[in-house]
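Work through each task with the structure in view, then compare with the solution.

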Amino acid sequence: MKLFSPLTKPFLLPHWSQDILLAVPRIVCGFLLTSSFGADKFGLPWSPADKHLGLFEVAFWFPKDVAEYGGLFALAPTFFAWMGAFSEAVGGIFLLLGFQTRIASFLIICTMLVAIFAQQIHNGLWNCLAAMGFLWVGIFYMILGSGRFGIDYLITQKLKERP
């Protein structure tokens, strides 16, 4: 467990009220990623019924979409579609809860870089804004961790209490 401790342990701000402010973008972005962006591509209990997605199923159109990015994405579109949808849906849940925040943030960063440079940049900068916002939030929380109001903090407190 000590191996994962540096990945899990969040930075804490001097006062708990500052940590509340730190938690707000994490919670909002995690909620948006999992409830909207991820749930449209990846089967979760709250995925829209009109998407007809089974649990942990990737939307039928998404691998074809990913293959159009070309290069490595065309060689394994199902894998990359599953990873992208998973990082938005499950990574969003982890970000929302502040659980393994740095790992979830890394997955979100990778997905948003692909969304920006392989999918949206050809449609103009305006279409990149959502992905850029999630990218910056991912970078921020990959560096700082969840803060005091996340599961990561509770885990590291429990590990610290062990003899």
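**Exercise 1.** State how many helices and strands the protein has, and decide how compact it is.

Solution. 
- Step 1: Count the elements. This predicted model contains eight helices and zero strands.
- Step 2: Read them in order. Along the sequence the pattern is α-α-α-α-α-α-α-α.
- Step 3: Compare the radius of gyration with the globule rule. The radius is 17 Å, close to the 15 Å that the rule gives for 163 residues, so the protein is as compact as a globular protein of that length.
- Step 4: The C-alpha trace spans about 50 × 35 × 30 Å along its principal axes.

**Exercise 2.** Find what share of the residues is buried, and what share of the contacts joins residues at least 24 apart.

Solution. 
- Step 1: Take as buried any residue under 20% relative accessible area.
- Step 2: Take the contacts between residues at least 6 apart in sequence. Of these, 62% join residues at least 24 apart.

**Exercise 3.** Describe the largest pocket and its lining.

Solution. 
- Step 1: Give the volume, which is about 510 Å³.
- Step 2: Locate the centre. The lining has 28 residues, and F62, G84, E88, T111 and A115 lie nearest the centre.
- Step 3: Assign the lining to helices. At least two residues each come from α2 (16-38), α3 (62-67), α5 (77-97), α6 (101-120) and α7 (129-144). The largest share, eight residues, belongs to α6.
- Step 4: The lining holds 17 nonpolar, seven polar and four charged residues.

How values were computed. Residues numbered from 1 in each chain as written. Predicted model: local features only at pLDDT ≥ 70, side-chain atom pairs only at ≥ 80, totals over all residues. Heavy atoms only, no water. 1 Å grid on protein atoms, 1.4 Å probe; cavity = no way out; pocket = protein on both sides within 12 Å on 5 of 7 lines; lining within 4 Å. Points joined across faces, edges and corners; volume = space filled by probe spheres on them. Helix = DSSP H or I, 4+ residues; strand = E, 2+ residues; numbered from the N terminus. Nonpolar A, V, L, I, M, F, W, Y, C, P; charged D, E, K, R; others polar. Rg over C-alpha atoms; globule rule 2.2 N^0.38 Å. Buried < 20%, exposed > 50% of the residue type's maximum accessible area, 1.4 Å probe, protein only. Contact = heavy atoms within 4.5 Å.
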